[in-house]
Amino acid sequence: QVQLVESGGGLVQAGGSLRLSCAASGRTASSYAMGWFRQAPGKEREFVSAITWSGGITRYGSTRYADSAKGRFTISRDNTKNTVYLQMNSLKPEDTAVYYCAFGKNDPRTVPKVNGYDYWGQGTQVTVSS
């Protein structure tokens with residue numbers, strides 16, 4: 001059982017920045033993925049970014065981004081806190097959505113897929129105004 005707690009959402013003007021946080025607690029494995037997805041009204045939930053843990057103590061991992069996030073968003077992690085961050089810069093109105101943190105299997109085939117994750121946070125609203 002893994003619990004995910006998100007924070008950092010809010011209202012920002014176009015061109016501004018936000019930093020989302022997702023803290024994981026519970027029986028986390030030594031190899032797993034944590035990702036960010038977003039869902040706008042009337043739209044499907046879509047992949048934004050993910051970071052993986054592929055080792056034990058060393059916590060070796062890699063990052064992955066959707067095309068829409070490349071160059072603007074940066075995902076990072078704090079291994080001690082089991083926390084993942086999503087730094088979002090140069091925000092656009094089309095970034096407006098509920099952003100969800102997810103925990104799942106470290107499998108390259110499923111990291112960018114909704115069905116690849118077993119646990120989800122409650123979501124945090126990001127609204128970008130014109």
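View 1. The model is a predicted one: local features need pLDDT of at least 70, side-chain atom pairs count only at pLDDT 80 or more, and totals for chains, interfaces and linings use all residues. Residues are numbered from 1 along each chain as its sequence is written, and side-chain values use heavy atoms, with hydrogens and water left out. Strands here are DSSP runs (E, at least two residues), numbered from the N terminus. Strand 1 and strand 3 run antiparallel and are joined by six bridges; two strands pair if DSSP finds at least two bridges between them. Follow the open sheet across and you meet four strands in the order 1-3-8-7, with antiparallel pairing. Its edges are strand 1 (2-7) and strand 7, each pairing on one side only. On average, neighbouring strands of this sheet are turned by 20° against each other, direction ignored (axes are lines fitted to C-alpha atoms, and angles run from 0 to 180 degrees between N-to-C directions).

**View 2. C22 and C101 form a disulfide.** The structure holds one such link, a disulfide being a pair of cysteine sulfur atoms within 2.5 Å. Here the sulfur atoms of C22 and C101 are 1.9 Å apart. C22 sits in strand 3 (residues 18-26) and C101 in strand 9, so the pair ties together parts that are 79 residues apart in sequence. The link of C22 and C101 is left-handed, with -80° about the S-S bond. Both cysteines, C22 and C101, are buried (under 20% relative accessible area; exposed is over 50% and partly exposed in between, with a 1.4 Å probe and protein chains only).

View 3. For N82, phi is near 50°, a positive value in a residue other than glycine. You will find N82 in the loop between strand 7 (73-78) and strand 8 (83-88). N82 is buried, with a relative accessible area of 18%. Not counting residues up to four places away in sequence, N82 touches C22, A23, A24, T28 and Y32; contact means heavy atoms within 4.5 Å. S90 also has phi near 50°, and lies in the loop between strand 8 and strand 9 (97-104). At 41% relative accessibility, S90 counts as partly exposed.

View 4. Seven aromatic pairs turn up in a search of the whole structure. Rings of Phe, Tyr and Trp (its six-membered ring) pair if their centres lie within 6.5 Å; planes under 30 degrees apart count as stacked, over 60 as edge-to-face and the rest as tilted. Y32 and W53 have ring centres 4.7 Å apart and planes at 15°, so this pair is stacked. Y32 is buried at 1% relative accessibility, and W53 is buried at 0%. F37 and F47 form an edge-to-face pair, 5.6 Å centre to centre with 70° between the planes. Ring pairs also link Y32, W53, F103 and Y119 into a cluster.

**View 5. The largest nonpolar core has 26 residues.** A nonpolar core is a set of buried Ala, Val, Leu, Ile, Met, Phe, Trp, Tyr and Cys residues joined through side-chain atoms within 4.5 Å. Among the residues with the most contacts inside this core are M34, W36 and M88. Leaving aside neighbours within four places in sequence, M88 is in contact with residues including L18, F73, Y99 and V126.
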